[in-house]
Amino acid sequence: MKHLFTALAAVLLLAVGGLFAVSATQSASTSSAASVKPVTEQRAAKAPGQDKAKPKGTPAPSPSSTPPPAAPVAAAPAPATQAPAPAAPAPAPAIVPAAATGTGSSAYPLHSNIISTTFWVGEIFNASLSDGSQVCSTYNSQWAYQHTGVNLGTVDAGAAGCPGSYYGGCDGISSGTGAGFTCATERRVADNGYFPLNQPTPLENPFYLDLPYDDLNDPVAFQERCRVIPWAAADNAAAGVDNCANPNHSYMKNHWVQITGPNGNTCYGQIEDAGPSSGSEYHDSAYVFGSGDARPVNQSFSADASQGAGMDVSPALNGCLGFAELDGSSDRVSWRFIDRADVPAGPWLTVETTSGVSN
């Protein structure tokens with residue numbers, strides 16, 4: 001009896017042990033299933049903008065040639081395998097204007113291989129267009145007069161270009177009077193600092209240029225100018241006045257630009273007009289302020305069918321930069337904005353334009 005009881009006791013102990021083993025297995029299964037939830041929650045918490053990227057599909061695992069072992073009574077699920085992170089979206093083209101970084105000539109992005117044409121104060125480019133005359137500029141209704149001090153009469157009030165402005169001022173070779181007045185350009189030379197050869201010393205800087213961004217008269221440009229012009233905030237701080245909504249203030253006029261020309265010379269000029277462009281293209285912020293070296297929206301005034309002109313320069317800059325053409329559309333430049341404090345000495349500082357908006 002003693003041995004039989006011992007044997008029965010052993011059997012009973014084995015049975016109880018089995019029940020405890022089953023219970024432990026079920027408990028492990030429950031614990032393992034609960035550990036999957038944080039992984040699921042982590043995938044749901046996407047980074048900003050990640051939902052716009054299409055994740056790459058996770059390849060299915062290759063089937064195994066070895067049969068899997070028999071499952072236990074309550075097998076725990078295999079640990080979850082996290083799918084690869086979604087591929088990062090490709091960067092969008094740089095259309096947001098870049099703020100100045102660094103100092104000096106490296107502070108602003110470089111614009112390269114840009115077609116530039118030539119324009120000059122007093123030029124009548126196209127009398128049938130409202131923006132076809134350089135007797136006035138977008139920032140100064142009396143540009144020719146204030147640049148030269150010459151007044152030979154008033155442009156007819158019914159004229160398309162610059163009505164009411166004083167004509168007679170010419171940054172070149174003038175002839176005729178009244179409605180027959182003309183103003184042609186001339187080749188400039190280094191001997192006299194690229195200043196006019198046939199006119200009195202100008203009252204304003206003969207090293208001037210334009211870019212296709214009119215922050216005064218183009219409604220889109222005026223609305224966005226304090227968001228896209230990199231130096232607008234510094235301009236406001238220096239003036240002690242927020243001029244963002246001031247229709248009599250331009251952040252573009254008189255600002256300095258560094259230009260490298262076909263001859264390899266680097267020259268400097270001030271913005272005194274807007275162009276080359278027409279119609280609704282005077283707010284080309286992606287080209288003018290962007291960091292991606294975009295081409296101008298304008299498709300005109302260029303001998304290159306792949307891009308339009310992106311800048312007009314004065315006769316002084318034409319000569320300083322070594323343009324092959326006196327009044328052509330094939331010369332190319334590289335340019336960037338530059339702060340006044342970083343402009344080096346040169347003929348471009350002999351007469352500096354400081355006048356504000358005058359309309």
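Threonine 138 is buried, because its relative accessible area is 15% and the cut-off for a buried residue is under 20%. The structure is a predicted model. Threonine 138 sits in a loop. That loop runs between strand E1 (111-118) and helix H3 (143-148).

Two aspartates take part in the surroundings of threonine 138. The side chain of threonine 138 forms a polar contact of 2.5 Å with the side chain of aspartate 214. The backbone nitrogen of threonine 138 is reached by the side chain of aspartate 273, at 3.0 Å. Residues up to four places away in sequence aside, threonine 138 touches Asp214, Leu216, Asn217, Asp273, Ala274 and Asn359.

Aspartate 273 belongs to strand E6, which spans residues 266-274. Aspartate 273 is buried, yet it has no salt bridge. Lysine 253 carries the nearest side chain of opposite charge, and it is 10 Å away. A salt bridge requires the charged atoms to lie within 4 Å. With neighbours within four places in sequence left aside, the contacts of aspartate 273 include Gln134, Cys136, Ser137, Thr138 and Tyr139. Also among them are Phe119, Trp143, Leu209, Asp210 and Leu211.

The whole chain gives the setting. It has seven helices and eight strands. Of its 359 residues, 38% count as buried. Among contacts between residues at least 6 apart in sequence, 69% join residues at least 24 apart. The chain exposes about 18900 Å². Carbon and sulfur atoms supply 59% of that area.

Terms used: Residues are numbered from 1 along each chain as its sequence is written. This is a predicted model: local features need pLDDT of at least 70, side-chain atom pairs count only at pLDDT 80 or more; totals for chains, interfaces and linings use all residues. Side-chain values use heavy atoms; hydrogens and water are left out. Helices (H or I, at least four residues) and strands (E, at least two) are DSSP runs, numbered from the N terminus. Buried means under 20% relative accessible area, exposed over 50%, partly exposed in between (1.4 Å probe, protein chains only). Lys and Arg count as positive and Asp and Glu as negative; His and the chain ends are not counted. A polar contact is a pair of N or O atoms within 3.5 Å; within protein, one must be able to donate a hydrogen and the other to accept it, and residues adjacent in sequence count only if both atoms are side-chain atoms. Contact means heavy atoms within 4.5 Å. Accessible areas come from the Shrake-Rupley method with a 1.4 Å probe; for residues, only the protein chains shown count as cover.
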